[in-house]
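Subject: Structure for you to look at

Hello,

Here is the structure I said I would pass on. Please open it next to this message and follow along.

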Amino acid sequence: MRLNLSEDQELMDATVRRFLEKEAPIAKIRAQYDLAEGCARDYWREFCALGWPALLVSEDLGGYALSGATAQDLAIVAEEVGRLIAAGPFTPTAVCLDALSKAGAAFGEVIAKVMSGEVIAAWAYAEAGDQWEPDALQTTARKTGGGVLLDGVKAYVEAGGQADYFLVTARAEAGLTQVLVPKGTANVVVTAAHGVDFVRRFAEVRFDGALLPESALVGPWAGADAQVRRQRQLALLLQCAESNGAVDCAFEFTVDYMRQRYAFGRPIASYQALKHRLADMLARIQASMATTDAAIDAFDAGSPEAERLVHIAKAWVGSKSSMNLSDLVQMTGGIGVTWDHDLHIYERRIAVNRALFGGPERHRQHVHRLISA
Amino acid sequence: MESLEDFRRRARAWIEANLERRDPRRPLRTREENAALQAKLFDAGFTGFAVPKEYAGQGLSLDHQAVWVEEAGDYVTPQGYQVSIGMMMPTLLDLATEAVKKRHIPRMLRGEELFMQLLSEPSGGSDMAGALTRATKRGDSYFISGSKMWSSGALNAHYGLCLARVNWDVPKHAGLGMFVLPLKAKGVTIQGIRPATGEEAHFCIEYFDDVEIPAEYVLGGECEGWASAQRLLFHERNAVAGIGFGLGYQTSGERQAGGGWRADLVSLARKHQVLHDPALAAQIADNHIDSVVGGQLSARVNTGLVSGKLKGQWGSLVKLNQGLDLPGNAELGLSVAGADGVIWSGNAPGGETTNTWLRYRGNTIAGGSNEIQRNIVSERLLGLPREPADDRDVPFNELMKRRQQRQS
C-alpha cells in the first residue's frame, strides 16, 4: 500500500477491506474450490456496488473520479483483493471498462451493467503457447459486407466461462482491433479450462467465423494498438498490486505464527537464521510495493517512462513474490506444505499472477530491449 | 513558513544564475573547490534547510531540502559533506548543548568545520557497545585514552563524535559517554588505513593519549552515550539511504545509480560490447531492474517517513536492500569486463571493475553490516524477539574478567 494515501483513498481502502473480510474470508474461499463459477453472482454484485468499477468510467457515462489517478485508486482495491485471495473477475472488469469507456457512449448500456456487476465482461486477449505479446496475436478480424468476422482461439481467458461479454483483441491487416462479443454469438465456443487458483476460473474461447455487426467495434478499426498496450499495462499493474497484497498478508500471518511457535525453548522468530531472512523479505516486499507504485504513477501520468517501469515492476514482483512465498513455507515448516494450511492458496494465486500477462523473464527481455535501445 | 512552491521558484532562479550544470566529463573537484562552493551556498541561504535560524539554518523543513535536491539535481553541488552535514550535524542538533550548537553548527553548514564519527575500535566493529576507549573526568574536563578505527575522513576532519567508557562497573551499554573530540588537539595521532584497492586511505585509525574535552562537549548525559550513538546511527543510515538530513549529500554517482555504490553495468556492457551477449543479457537487465527498484524503495521509505506512516529506523531497510543488491552488481561487473577488467595494455588506468569488487564489501560492512541491519529490521521494525545475549546485565569489568578466564 502506498504511504501517502489521501483521506478519500484511506476510506475506500477501509471499506473494501471490511467488505472482503466479511464476505470473502479465506474460509469461504476454501469452500469455493469446487464451484465451477468461482464466485457467486450476488457476491460480485455487492462487491461492485462498493463503487470501484465506476473509477474506470468517464463521468458522462456514470463514472466518477476519486483522486483522478485511476490506476492508483484501483491498486488499493487490487491489494485488498490479493490479501484475501478474493474471488471475482476484478482485472477483466477493470480492463473491459477502461476499453468500453474510452470507446464512448455507444456502449453506455453495457458499461452500466458491468459497473453494477449485473453482467461479467472478460478480456479475450492471449493465445495458446503462452503468447501475451500484442505482436504475437493471430486471431483475425476481417470486414465483410455483413460486419466483422472473427477467427482464432483465445486462451487463458479469465472468467471466460462466466462472461456475458468478451472483449476480443484481434488482428486486422493494418493493426489491432477490439470487438465486443456477447455470449451465445454463433460460432463462438467457450470451453472451461483447468487452473491452479482456488477461485479464479479460466476458459478457452474459439471463434470460427463469428460475425459481429460493426457497432460491436470497440474503438477504431485497426487502430487499437495503443489502447491494447494500455490495457496490458493496466492489467499488469493491478496484478502486481494484488500480488503485493497477497505476499504482505502471508508474510504477516507467517511472522505471527513464528512468534507463537517454540523450538529449543524460545520462539522460532528469535533465531537469526530465520529472522534475518524475514528482514531480507521485508526489503523485497517493500521494494515490490515501491516499484509497483512508481509504475502506476507513470501510467496515470501518461509518462513515456511507463512502459519501462511497468516491465520493471512485473519482472521484480513476478520473481520476488514466488521467492517470498516459497521461503515462507520453509519457515512455517511441515504444516506449510499441507492442504489445510492457507499458504498454498496464496502460492497458487502468486503462481497464476506470475505467469499471466507474461512471466518475469519476458518482461526482463523487454527491459533489456529498452535499456539497450 | 515559505511555501514549497515559492521556495522552488526562488531556489530555481538562484540555481540557474549561480550554479554550473553537471558535466560528467569534468574531473572531480578538489577539496578547496568543494569548500568554496559550500560556503557560496551557505552565504546565499541554501544550506541547513531544516535547521533552526539560531544555528544559521533556514528554519524551513526537510520537504524544502527535498525540493532543493530536485531543483539542483542537474547542477554541480558540493561533494564531501555527507558525513559532516548529513549525519553529524543532525546528531548535534538532537543532542549537543546550546553553546556547542551555536558555536559549531554554523561552521559545519558553511563547510569550515568537518565532523566525523569515532565509534568502532580495533577490538570490535559490530559490537560497538564493547568500547574500550576510556573517558576519565578530572575537574571540569574529560580525558580520553584509547583508539578508534574505520572512521572515514579523520585526516581532514576537525571533530569526531567519540564513544568512550566512563563507568566500568555497570553493564556495557550503561557506562558509555559520547564526546565531541577535537582531532587537531594534543594527544591525537591519526593514521590512514590503505584499502585493498591500493587507493588513497579513506578509513583511519586514531590513537588518543589523554585528550582533553570540556564537559560541555558531552552529547547527552555522561552515561547516555549508547542512546546518543543510536541517534547518530539513525542519521547515518538515513544519509546512506539518501533520506532525512542526508538527502542530496550522496555523491552524484550514487544518486545516478539510485542510491548505492553500484557500477552502471549497461554503459560498461556497451563499452565491452557484451550488452547483447546471450550469456549476460538477462543478468544485465536484472541488474538494471535492481538498481531502479533500489531507488524506488528509497523514495518510498522517504515518503513514509515524511507522511508519518513509517516511524523509526526504516533507513536500515534501505541500507539492507543496498547491501543485498551490491554483491550481484560487483560480481556481474567482473563478468561484463571479462579478461580486459583484470589485464590491460598501455599506461591508461584500468581494473575499475576489479576495484569495485575489491571495494564494495566495505559498503556491506561499514555503517552497520548487512547482519546488523538485519537485526535492526527484524527486531525494531518487525518487533521480533532478540537472541539471548550473555553480556547485557553484567558489569563491564566482570565481562572483561570472564573473557580473560576463557582465553587463558
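At what angle do the axes of helix α9 (residues 306–332) of chain A and helix α9 (residues 281–307) of chain B cross? The two axes come within 10 Å and cross at roughly 95 degrees. An angle from 65 to 115 degrees counts as roughly perpendicular, so α9(A) and α9(B) are roughly perpendicular to each other. Please keep in mind that this is a predicted model.

From chain A, the residues of α9(A) in this contact are A:Arg308, A:Leu309, A:Ile312, A:Ala315 and A:Trp316. They meet B:His288, B:Ile289, B:Asp290, B:Val292, B:Val293 and B:Gln296 in α9(B). Sorted by class, the contact of α9(A) with α9(B) has 7 nonpolar, 2 polar and 2 charged residues.

Helix α9(B) also meets helix α11 (residues 360–371) of chain A, and here the axes come within 9 Å and cross at roughly 85 degrees. By the angle rule, α11(A) and α9(B) are therefore roughly perpendicular to each other. On the α11(A) side the residues are A:Arg364, A:Val367, A:His368 and A:Ile371. Their partners in α9(B) are B:Ala281, B:Ala282, B:Ala285, B:Asp286, B:His288 and B:Ile289. This contact of α11(A) with α9(B) divides into 6 nonpolar, 2 polar and 2 charged residues.

Next, the interface as a whole. In chain A, 39 residues are in contact with 40 residues of chain B. About 3400 Å² is buried between chain A and chain B, and carbon and sulfur atoms give 64% of that area. There are 6 salt bridges across the interface of chain A and chain B. A:Asp293 forms a salt bridge with B:Arg300, with 3.5 Å between the closest N and O atoms.

Why can such pairs form? Side chains of opposite charge can pair when their charged atoms come close. Over all chains, the structure holds 53 salt bridges. Inside chain A, the side chains of A:Arg45 and A:Asp42 meet in a salt bridge at 2.8 Å, N to O. Both A:Arg45 and A:Asp42 lie in helix α3 (residues 41–48) of chain A, 3 residues apart, which is about one turn of the helix.

Chain B has a helix pair of its own to look at. Helix α2 (residues 31–44) and helix α5 (residues 98–110) of chain B pack at an angle of about 120 degrees, with their axes 7 Å apart. In α2(B), B:Ala35, B:Gln38, B:Ala39, B:Phe42 and B:Asp43 meet B:Pro106, B:Leu109 and B:Arg110 in α5(B). By class, the residues of this contact are 5 nonpolar, 1 polar and 2 charged.

Last, the strands of chain A. Strand β2 (residues 140–144) and strand β3 (residues 147–158) of chain A run antiparallel and are joined by 5 bridges. They form a hairpin with 2 residues between β2(A) and β3(A). A:Thr140 has A:Asp151 in β3(A) as its bridge partner.

β3(A) also pairs with strand β7 (residues 202–212) of chain A, in the antiparallel sense, over 9 bridges. There, A:Leu150 stands opposite A:Ala210 in β7(A). Strand β6 (residues 188–192) of chain A is joined to β7(A) by 5 bridges, and β6(A) and β7(A) run antiparallel. A:Val188 has A:Phe207 in β7(A) as its bridge partner.

Regards

Definitions and conventions: Residues numbered from 1 in each chain as written. Chains lettered and ligands numbered in written order. Predicted model: local features only at pLDDT ≥ 70, side-chain atom pairs only at ≥ 80, totals over all residues. Heavy atoms only, no water. Axes fitted to C-alpha atoms, helices over the stretch in contact; angles between N-to-C directions. Helix = DSSP H or I, 4+ residues; strand = E, 2+ residues; numbered from the N terminus. Parallel < 35°, antiparallel > 145°, perpendicular 65-115°, else oblique. Contact = heavy atoms within 4.5 Å. Nonpolar A, V, L, I, M, F, W, Y, C, P; charged D, E, K, R; others polar. Pairing = 2+ DSSP bridges. Buried area = accessible area lost by both parts, 1.4 Å probe. Salt bridge = Lys/Arg side-chain N within 4 Å of Asp/Glu carboxyl O.
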